[in-house]
Amino acid sequence: MNSPTRYIPVLGRLTPTPPSAEPKPPDTPEQPRRQGRGARPALLADPFFGPGLAAVSVILWIIGLHPVAPEQLGGAGLVAELSIPLLLSYPLLVAAVVLELLRYQPRNWVLSCYTTLGVLGVYALQPAVEQVARLPVAWLHAGFADYIATHGDILHNYDARFSWAGFFSLVAMITKAAGLPNAIGLLNWAPVVLSGLSVLGVRAMAVSALGNRRASWLAPWIFLAANWTEQDYFSPQGTAMVLLLAALTLTFRHLVRPRLTEPVKARLRARLAPRSSPKARLVAQGAVVLIGLALAVTHQLTPFLLGALLLLLLLFGRLWSAWLPFLVLGAAVVWFSLGASEFWSGQLIQMILSPLGDLSSSVDQGIVSRFAGDIGHLVVLVTRIGICAFVVLLAAAGIVLMRRDSLRSWLLPALCVSPFAIAVAQPYGGEVFMRCFLFALPLLALPASIALERVITLVRRLRWRSRPSRTIALVAVPWVVITGLIAGTVTARGGNDAYTSFTTSDIAAATWAVERAHPGQRVDSLVNSVPLSFLRVGEVSQYEVDGYCPNLGNLPTLVDCIRTDGPDYLVLTGPQFAYLKIFDQVPAHFGEELTAQLEGTGLYRMVFRDGTSMVLARATPAQEVVTGSGGGTG
């Protein structure tokens with residue numbers, strides 16, 4: 001397209017609008033478009049048709065909800081158990097969004113409502129259909145916060161995350177101030193809150209970077225539809241992501257000139273003062289500094305990423321405050337050196353310096369080694385990679401279109417690619433590429449939204465009655481893209497639910513074992529598929545059997561290993577056996593045979609049972625420490 005894309009005519013524009021794209025004054029009532037040869041069908045142009053579709057989608061989503069127990073799930077996860085009405089709700093909601101964006105003047109309040117419904121539809125799905133909060137690590141974080149609330153200090157030399165305890169300290173303060181016994185009540189709906197704030201952050205960042213245009217609504221929808229990483233659980237990472245987006249929004253809005261999409265070359269030595277007032281710049285600088293300090297004590301990676309993005313803005317001559325990236329990076333380095341010394345003391349070379357530049361290790365741990373399990377789980381893994389690849393390609397298409405429109409700077413592509421540099425520095429326990437995509441997604445959504453906006457602009461210029469097939473084909477592009485991303489994300493986010501979601505019986509078994517164990521005794525599970533560490537953190541040792549018994553699929557070998565190195569209390573639950581079915585292809589009756597053979601040794605006896613959740617107690621004291629256990633709490 002040779003002419004600039006039309007902005008939505010709203011107040012508060014960030015930059016002057018070219019005369020050729022000047023909208024009507026805000027106080028001038030919109031004139032209805034004539035229903036001539038090129039007009040859309042009256043039904044599609046009706047202002048209530050889109051909201052009606054959204055209302056139908058909400059009804060279908062609610063009707064389609066039904067409880068889903070972990071034992072119903074297989075390798076494909078949650079998506080295989082979702083009802084047809086619920087699945088149909090997503091394309092209807094996306095159709096309402098696309099129809100609203102096709103209007104001459106899209107209604108911001110309507111798009112805000114649609115986006116809220118999108119957040120609830122995607123991220124509230126699992127909390128709505130599952131009995132209790134999922135993911136063992138979320139329960140572990142609640143235990144960390146409870147320890148700080150109880151003792152007023154971190155647990156030293158226990159877990160690396162205590163070296164960045166900002167999030168846990170904040171939760172401990174909130175729970176004590178609110179009179180809550182612990183943070184468990186916050187776990188189930190934390191993904192909805194944190195994801196909703198992140199989507200809002202992407203919307204604010206898009207407005208700051210792109211202006212008030214249709215692309216600034218498409219960007220949060222791309223983020224919403226493609227965020228399969230599930231790092232929005234009750235965690236420091238989820239909170240740090242919200243803070244990162246807030247810092248970037250303030251920077252793009254008040255501290256950057258020219259904007260990322262303006263076709264102007266900038267120079268480091270001749271930076272332009274932002275269009276914001278000096279007071280606004282001062283407030284923005286102070287807020288970004290405070291966010292950088294908060295991130296330094298909260299998360300290992302995020303403050304360094306924020307500093308790197310700010311440094312890129314400075315090197316490309318866009319950032320007004322030359323000192324800002326160095327202060328943010330300096331705070332992260334100081335905290336890592338002093339506040340997190342327990343993490344790296346004695347293992348700096350092994351954990352931090354040795355992996356530098358070893359990209360093959362990151363690829364092996366983050367991609368290759370993860371391709372395991374049955375066919376359903378492999379489909380989930382391919383879906384995750386497909387979403388990542390598609391978003392990158394869509395962003396690349398947007399950048400190409402922007403380059404054709406005389407965008408001279410390579411800043412935006414550099415910002416999009418920069419988070420993937422983390423993979424060169426650290427494999428991050430095999431999660432590095434997932435974290436890279438999460439960090440890059442808000443930035444990739446900016447050029448990707450430009451590409452979809454271009455399609456919508458072409459549709460608005462076509463004459464419906466003269467070219468109906470071409471118009472329908474173009475309208476289908478953003479609808480298919482966003483709907484497909486949502487379908488992939490719903491599949492990917494629920495792909496591990498067979499062994500990461502729990503029942504009330506699982507929680508009851510874990511609670512029973514941990515509460516009855518004496519200080520120093522071990523309470524173990526076969527794999528990390530049951531929450532154990534949300535109670536008595538530091539008092540009771542909690543490991544996984546797969547750390548010291550490498551061959552869980554071989555029943556005789558496993559029984560012999562547990563007889564020798566087994567714990568004082570062994571917690572067995574359905575999700576653990578589901579994990580073994582998916583990754584070790586054990587038979588369906590594996591759990592019953594394991595229990596019977598352990599009881600047959602006379603060394604273990606059943607002391608608790610509720611459905612498929614069991615606790616076996618050891619007759620003789622177990623070893624306090626087992627070599628190769630892996631810690632289970634790290």
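In this predicted model, the protein's secondary structure amounts to 26 helices and four strands. Some 54% of its 634 residues count as buried. Take the contacts between residues at least 6 apart in sequence: 76% of them join residues at least 24 apart.

Now let's zoom in on one helix, H7. Helix H7 covers residues 166-178, a run of 13 residues. From its first C-alpha to its last, H7 reaches 18 Å, close to the 18 Å expected at 1.5 Å a residue.

Which residues of H7 are buried, and which exposed residues sit on the face turned away from them? The table sets the two groups side by side.

| Group in H7 | Residues |
|---|---|
| Buried | Phe 167, Phe 168, Val 171, Ala 172, Thr 175 |
| Exposed, on the face turned away from the buried side | Met 173, Lys 176, Ala 177 |

The buried set consists of Phe 167, Phe 168, Val 171, Ala 172 and Thr 175. Looking down the axis of H7, you will find these buried residues within an arc of 135°, so they line one face of the helix. The cover over them includes two other helices, H6 (136-151) and H10 (236-255). Met 173, Lys 176 and Ala 177, in contrast, are exposed on the face of H7 that points away from its buried side.

One last stop is the residue that comes just after H7: there, Gly 179 takes a positive phi of about 75°.

Conventions
Residues numbered from 1 in each chain as written. Predicted model: local features only at pLDDT ≥ 70, side-chain atom pairs only at ≥ 80, totals over all residues. Heavy atoms only, no water. Buried < 20%, exposed > 50% of the residue type's maximum accessible area, 1.4 Å probe, protein only. Contact = heavy atoms within 4.5 Å. Expected span 1.5 Å × (residues − 1). Arc of directions from axis to C-beta.
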